[in-house]
Amino acid sequence: MKTLTETQIREACRPDSSERGQIRSAQPELSLDEIIAEVETCSQLPMGESQTLPPQAYTSETYFNWEVDHVFKNDWFCLAHISQIPTIGDFLNVEAFGEPLIIIHDKDNEIQVLSRVCPHRAMDIMPPGLGYDGHTLATPSDEHPACGNTRFLLCPYHFWTFELDGALKACAEMGQAEGFKREDWSLKSFCTEVWNGFIFVNLDGQAPRSVAEQYAVLNEELEPWDLANMKLVAANEWDCNFNWKVLAENFMESYHHAGAHSKTLQTMMPARDTWTEGEKPFHIRCHLPMKQSLRDEIHQLESEGKDWESFPAIPGLSDEQRMEWGLVMGFPLFTFVTTADSFIWYRILPMGPDRLKLLTTILVPSTSTQLPDFEKRRAESNQAGIDFHLEDMEVCMAVQRGLYTSGYQRGRLSHLEMPVWLIQRFLAARARDTWPTFDRPAAPGQQTS
Ligand code: FES
Ligand SMILES: [Fe+2]
């Protein structure tokens with residue numbers, strides 16, 4: 001199959017791409033309650049009888065809005081890694097669920113997630129397009145001119161200035177405003193928690209537990225990667241014209257290695273060997289073992305003291321951890337891959353039923369960044385990531401188009417697609433205002449080792 005180029009894919013995904021405007025769903029409209037009921041029905045099917053969700057779950061504005069309030073805003077959402085804003089004054093901006101946010105390293109060495117909306121007359125203090133709309137590394141560069149470092153925050157409208165923690169520092173000509181006290185007028189601050197170096201926000205402040213509690217099991221499993229001390233060394237931003245579940249399902253199931261990645265990932269980690277752990281309340285975890293002939297080659301290279309990935313293997317990983325990719329979706333949407341030499345984090349930001357902004361990143365231990373040929377290794381690792389991501393982009397775009405058509409049929413799932421079914425069960429649990437396994441027995445895993 002001829003694959004689309006990066007330029008073609010980026011063009012097709014542009015938010016104002018004319019192709020998007022022509023799509024009208026040929027499927028009947030379902031109410032919010034009807035969609036939620038269908039998701040619940042899917043979640044009650046045993047794995048062996050499982051099927052895909054109704055198309056409206058991927059196309060309905062109403063259902064998307066329900067997800068924003070009941071799945072995303074009331075839970076912890078990962079926005080950045082600490083290595084993106086390592087020093088005091090570093091910041092980066094992001095729009096999340098309609099909120100313009102600034103993630104900033106304040107003078108007390110705390111990380112703040114603040115609203116960028118000025119408490120004077122609602123101006124965005126760093127409007128996109130005016131030079132601060134970046135999402136990646138804090139150090140400005142030609143590639144990412146937007147993020148930066150600042151001593152204070154200035155609203156460009158009437159020049160109110162704020163401290164790095166959002167407190168109002170100065171505002172001219174307010175002396176005649178009766179009862180006006182500066183301390184009453186800070187930038188709004190959202191609940192924030194840094195877990196293993198990753199910066200999470202809870203937009204409605206109602207999350208019932210901390211990130212550390214929620215991901216306690218992952219904490220132990222990820223320990224050898226020492227995430228807090230890793231460095232984000234690559235970040236690519238993608239506009240995507242598909243539903244967040246199209247991407248999340250694609251990210252988590254590896255059945256498609258056999259098709260979409262037949263020349264890339266399938267040659268290393270064949271679809272048939274991939275497997276999923278038993279159901280957990282707060283995450284899904286899958287294992288993608290490398291095929292035996294590749295393991296033999298790797299062991300040979302290791303015995304000769306040679307690197308076999310772009311970067312040296314991370315010390316302290318077990319043989320099993322080095323010889324597989326681990327896929328995780330921390331609920332609601334903390335998605336990443338563990339590999340022998342890196343940690344690949346995808347920040348998936350849902351923007352609408354058929355739109356999301358994606359940041360694909362690579363993190364490596366800081367020792368890897370000090371290698372003399374680091375830049376060459378970084379470029380090689382980044383290009384490999386882009387190559388297989390383009391294969392995913394192509395199928396996700398085509399799937400979303402299919403979901404609008406009259407030809408769409410609800411499909412049946414392979415056992416290799418257990419994560420798709422587990423995502424359905426997660427969504428159904430959130431509609432019951434609980435989490436998987438809290439009110440129903442946990443589904444067993446596909447392998448116990
Ligand atoms: S709106 Fe920000 S200073 Fe007036
Ligand atoms: Fe894929």
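Modeller: A definition is needed at the outset: two strands pair if DSSP finds at least two bridges between them. Please note also that this is a predicted model.

Biologist: With that in mind, how many bridges link β12 and strand β13?

Modeller: There are two bridges between β12 and strand β13 (residues 283-289), and the pairing is antiparallel. Within this pair, Thr-276 lies opposite Cys-286 of β13.

Biologist: What is the order of the strands in the open sheet?

Modeller: The order is β11-β17-β16-β15-β14-β13-β12, seven strands with antiparallel pairing. At the edges are β11 (230-240) and β12 (275-276), each of which pairs on one side only.

Biologist: Which helix packs on that sheet, and which strands does it touch?

Modeller: Helix α12 (residues 374-403) does, touching β11, β14 (324-330), β16 (343-352) and β17 (355-365). The direction of α12 makes about 30° with that of β11.

Biologist: How many bridges join β10 to strand β1?

Modeller: Four bridges join β10 to strand β1 (residues 77-81), and the two run antiparallel. Ala-80 has Ile-199 in β10 as its bridge partner.

Biologist: And how does strand β9 pair with β10?

Modeller: Strand β9 (residues 189-195) pairs with β10 in the antiparallel sense, over five bridges. Cys-191 stands opposite Asn-202 of β10.

Biologist: What about the hairpin of β9 and β10: how many residues lie between the strands?

Modeller: Two residues lie between the strands there, and Asn-196 in this hairpin takes a positive phi near 50°.

Biologist: Now the helices. At what angle do the axes of α3 and α5 cross?

Modeller: The axes of helix α3 (residues 32-44) and helix α5 (residues 61-72) cross at roughly 70° and come within 9 Å. Angles of 65 to 115 degrees count as roughly perpendicular, and α3 and α5 are therefore roughly perpendicular to each other.

Biologist: Is that crossing left-handed or right-handed, and which residues meet?

Modeller: The crossing of α3 and α5 is right-handed. Leu-32, Ile-35, Ile-36 and Val-39 of α3 meet Thr-62, Tyr-63 and Trp-66 of α5. The residues of this contact comprise six nonpolar, one polar and no charged.

Note on methods
Residues are numbered from 1 along each chain as its sequence is written. Chains are lettered from A and ligands numbered from 1 in the order in which they are written. This is a predicted model: local features need pLDDT of at least 70, side-chain atom pairs count only at pLDDT 80 or more; totals for chains, interfaces and linings use all residues. Side-chain values use heavy atoms; hydrogens and water are left out. Axes are lines fitted to C-alpha atoms, for helices over the stretch in contact, and angles run from 0 to 180 degrees between N-to-C directions. Angles under 35 degrees count as roughly parallel, over 145 as roughly antiparallel, 65 to 115 as roughly perpendicular and the rest as oblique. A crossing is left-handed if the near helix is turned anticlockwise from the far one by less than a right angle, and right-handed if clockwise. Contact means heavy atoms within 4.5 Å. Ala, Val, Leu, Ile, Met, Phe, Trp, Tyr, Cys and Pro count as nonpolar, Asp, Glu, Lys and Arg as charged, and the others, Gly among them, as polar.
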